[in-house]
Structures are given as C-alpha cells and as structure tokens.
Amino acid sequence: MVKLTMIARVTDGLPLAEGLDDGRGEKDLDYYKQQAKTLFKKLSLSQHEPSRMSIETGPNVFHYIIEGRVCYLTMCDRSYPKKLAYQYLEDLQREFEKVNHSQIETVARPYAFIKFDTFIQKTRKLYLDTKTQRNLAKLNDDLYEVQQIMTRNIQEVLGVGEKLDQVSQMSSRLTSESRIYAEKAKDLSRQALIRKWTPVAVVIGIVLLLLWARRYFY
C-alpha cells in the first residue's frame, strides 16, 4: 500500500506538499520522512540523478519521478506493484502542475501547497486495493513499462550525502575548536604579561611609596 507521499522542489529541496494522513499507522514514519527530505536535498545538489528511481529502505521502497524541476515521491511496502506506484505519481504530477504551475518557482515557505493534500488522499484511495478492476487494468497495460527503472539501496543513494554531512560537521567542530584555542591563547598571553610586569609594578609602587613617605615625614 501507499504509506507516504511527499512533493518537493528539486532546485533547493523545499517541501511543497505532503499527504498528511499517509502511513499514519506506519512504524518509524518520522524516520522515513527524514530520509525523504535528505533525498530531496541530495537531488538538489546533483544534476545527474535519474528522473525516475526506486530506492529500497527497510521493508519499504521509495519511488520518485522528477518532472518540471519537481520531485514526486511515494513510499510503499515492497510487495506493492511498482507499475501502480509510478502511475500514482504521474496522476499527482499532472494535477499538481496543472493547478500550481505558475507558483512552483516563486514560493518560499515549506508546504506552501498543503491544500493539495485533498487530491493526494483522493488519488491514494484509488490505488490502495491492487485488485480492483481499475488497478488490474493498469497492471496489464503494456504501454506502461517500469522494468527499466533503476532500483537502488537507501545507503547507496544517501551515502555521499551522509559523508558530506560528516565533513561539514567535522569542519564546524574544527572551526569551533580553533576559536576556543584562540581565546585560550589570548588568555595565556594576558597571564604571561601580568606575570612579567607584576613584579616591576610592585617595585615601582614600593619606590614611589617610599619617596612619598620620605618627603612627607622628613
């Protein structure tokens, strides 16, 4: 069955819409949503990813299509027919582009098209039962072939992104440590100056005090 549906802009990975009720009973749904968002970010950084791909993740599979610089993604269990998953995404793509085409590139806030959830839910219900006459007809449609669509593993797809994140985290940590080291170096320098000149200041103070006392008492 279809458990999760998300739509995002490919140019920057901004989430545009989401099926709010999809996968409500799915265990670790937030974890899979985070994987989907990470995938969107990776797609925004790469110009060479295929426009259609299936990605295995645990007991589920992400399927996505990219059309008009928008990524339409769904997550289904592994037993769900690949052909139906892609026809579901194409139904969403046609309607989303027809209704929101003029605003896709200009919106700046996440989930700006949240009202599209109504269409997502209506369409999702049509694809829930794979044995309906409608869906059986789609499965037998020789005009729609998905066997050539690449299937990869989530670790393989997101591995580069995870390494980039690790490098970024390491860079941030080194920057922070360098800042701390510089502050400590300044403190040590101040302490060294204080230790160096404190005896001189004390001697000068004593001399001035003696001169003052001598002048006052004698």
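This is a predicted model: local features need pLDDT of at least 70, side-chain atom pairs count only at pLDDT 80 or more; totals for chains, interfaces and linings use all residues.
Two strands count as paired if DSSP finds at least two bridges between them. Val2 stands opposite Cys76 in β5. The two strands involved, β1 and β5, pair in the antiparallel sense over seven bridges.

How many of the residues of β1 are buried? Eight of its eight residues are, so the strand is mostly covered.

Now widen the view. The protein chain contains five helices and six strands. Along the sequence they follow the pattern β-β-α-β-β-β-α-α-α-β-α. The six strands of the open sheet come in the order β2-β1-β5-β4-β3-β6, with mixed pairing. Which strands stand at the edges? They are β2 (15-18) and β6 (150-153). Each has a single partner strand, so one side of each is left without a neighbour in the sheet. Neighbouring strands are turned by 20° against each other on average, direction ignored.

Further along the sheet, β3 and β4 run antiparallel. Six bridges join residues 52-57 of β3 to residues 60-67 of β4. Met53 stands opposite Tyr64 in β4. Helix α2 (residues 82-100) packs on the sheet. The helix touches β1, β2, β3, β4, β5 and β6. Its direction makes about 40° with that of β4.

Next, the charged side chains. The whole structure holds 13 salt bridges. One of them joins Lys42 to Glu49, with the closest N and O atoms 2.8 Å apart. Lys42 counts as buried, at 16% relative accessibility. Another salt bridge links the side chains of Arg52 and Glu67 (3.3 Å, N to O). Arg52 lies in β3 and Glu67 in β4, so this pair ties together parts that are 15 residues apart in sequence. Arg52 is partly exposed at 22%, and Glu67 is partly exposed at 28%.

Helix α2 supplies a further pair. The side chains of Glu90 and Arg94 meet in a salt bridge (4.0 Å, N to O). Why are they separated by about one helical turn? Because they are four residues apart in helix α2. Glu90 is buried, with a relative accessible area of 16%, whereas Arg94 is partly exposed at 48%. Salt bridges that share partners join Arg52, Glu67, Glu90, Asp91, Arg94 and Arg134 into one network.

Then turn to helix α4 (residues 133-139), which holds Asn135. Is Asn135 buried or exposed? Its relative accessible area is 0%, so Asn135 is buried. Leaving aside neighbours within four places in sequence, Asn135 is in contact with Leu84, Leu126, Tyr127, Asp129 and Thr130.

Helix α5 (residues 154-217) includes Leu211. Leu211 belongs to a nonpolar patch on the surface.

Finally, the chain as a whole. Buried residues make up 39% of its 218 residues. The protein chain exposes about 14000 Å², and carbon and sulfur atoms supply 57% of that area. Of the contacts with a separation of 6 or more, 67% come from residues 24 or more positions apart.

Notes:
Residues are numbered from 1 along each chain as its sequence is written. Side-chain values use heavy atoms; hydrogens and water are left out. Axes are lines fitted to C-alpha atoms, for helices over the stretch in contact, and angles run from 0 to 180 degrees between N-to-C directions. Contact means heavy atoms within 4.5 Å. Patches are made of residues with over 30% relative accessible area and no salt bridge: like charges are joined within 9 Å, nonpolar side chains (Val, Leu, Ile, Met, Phe, Trp, Tyr) within 5 Å. Accessible areas come from the Shrake-Rupley method with a 1.4 Å probe; for residues, only the protein chains shown count as cover. Buried means under 20% relative accessible area, exposed over 50%, partly exposed in between (1.4 Å probe, protein chains only).
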